[in-house]
Amino acid sequence: MKFTEREMTVAVEAVAARSFEALPRLLRSRAGGTSWDTLSKGDRYPLLAAAGDLVLPALTALPERPTVGAPPAFSDEEYEAAAEEALRQRADRNEPGAWDATAERKRRKAVAAGAAVLRIAVAAMPVRQDPDALIVPDHL
């Protein structure tokens with residue numbers, strides 16, 4: 001699916017913040033702060049880069065669904081298919097054919113985790129605007 005740069009940025013930031021908050025307190029303090037808001041931009045960068053590597057290929061694997069006036073909505077099967085496609089591409093880049101040899105249970109867990117991260121990313125996206133409608137804010 002095609003997303004705007006702002007939508008993808010918000011999605012990556014949401015995943016990075018959520019994963020940072022899920023870390024144990026000791027690891028969060030080693031990373032530079034106790035909450036996402038207290039991290040400096042330099043401390044946030046590695047987390048954002050990792051979240052981007054995980055989320056962006058899966059976002060582009062989602063089916064095209066033009067929604068205006070609401071955030072995009074997808075079924076569980078669509079999230080899982082997009083997560084599986086992104087994980088397959090990553091595995092093929094590192095070692096061709098490795099994804100096919102992965103144990104079924106391990107693959108199902110990886111796809112479920114990828115789909116959960118993808119749900120977090122899509123849920124954080126802002127409401128989509130009509131790309132053909134020119135909306136000029138009043139302050140301009």
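Helices (H or I, at least four residues) and strands (E, at least two) are DSSP runs, numbered from the N terminus.

**Overview. The protein has six helices and zero strands.** This is a predicted model, where local features need pLDDT of at least 70, side-chain atom pairs count only at pLDDT 80 or more, and totals for chains, interfaces and linings use all residues. Residues are numbered from 1 along each chain as its sequence is written, and side-chain values use heavy atoms, with hydrogens and water left out. Along the sequence the pattern reads α-α-α-α-α-α. Of the 140 residues in the protein, 28% are buried. Buried means under 20% relative accessible area, exposed over 50%, and partly exposed in between (1.4 Å probe, protein chains only). Contact means heavy atoms within 4.5 Å. Among contacts with a separation of 6 or more, 65% join residues 24 or more positions apart.

**Close-up 1. Helix α1 covers residues 5-22.** Its 18 residues should span 26 Å at 1.5 Å a residue, and the end C-alpha atoms are 26 Å apart, which agrees. The expected span of a helix is 1.5 Å times one less than its number of residues. The buried residues of α1 are E7, V10, A11, V12, V15, A16, A17 and F20. They pack against α2 (25-31), α3 and α6.

**Close-up 2. E7 lies in helix α1.** E7 counts as buried, because its relative accessibility is 4%. Its contacts, leaving aside neighbours within four places in sequence, are M125, P126 and R128.

**Close-up 3. Helix α1 crosses helix α3 (residues 41-61).** Two packed helices are described by the angle between their axes and the distance between the axes. Axes are lines fitted to C-alpha atoms, for helices over the stretch in contact, and angles run from 0 to 180 degrees between N-to-C directions. The axes of α1 and α3 come within 8 Å and cross at roughly 125°. That makes α1 oblique to α3. Angles under 35 degrees count as roughly parallel, over 145 as roughly antiparallel, 65 to 115 as roughly perpendicular and the rest as oblique. The crossing of α1 and α3 is right-handed. A crossing is left-handed if the near helix is turned anticlockwise from the far one by less than a right angle, and right-handed if clockwise. From α1, M8, A11, V12, E13, V15, A16 and F20 take part. They meet L47, L48, A51, G52, V55, L56 and L59 in α3.

**Close-up 4. Helix α3 packs with helix α6.** Their angle is about 80°, and their axes are 10 Å apart. The two helices are therefore roughly perpendicular to each other. L54, V55, A58 and L59 in α3 meet V117, L118, A121 and V122 in α6.

**Close-up 5. Helix α4 covers residues 76-94.** At 1.5 Å a residue, its 19 residues should span 27 Å; the end C-alpha atoms are 27 Å apart, which agrees. Its buried residues are Y79, A82, A83, A86, L87 and A91. These residues cover an arc of only 165° around the axis, which puts them on the same side of α4. The arc is that of the directions from the helix axis to the C-beta atoms.

**Close-up 6. A115 sits in helix α6 (residues 104-124).** A115 is buried, with a relative accessible area of 1%. A115 touches Y79, E80 and A83, not counting residues up to four places away in sequence. A115 and E80 are 35 residues apart in sequence. In space, C-alpha to C-alpha, A115 and E80 are 5.2 Å apart.
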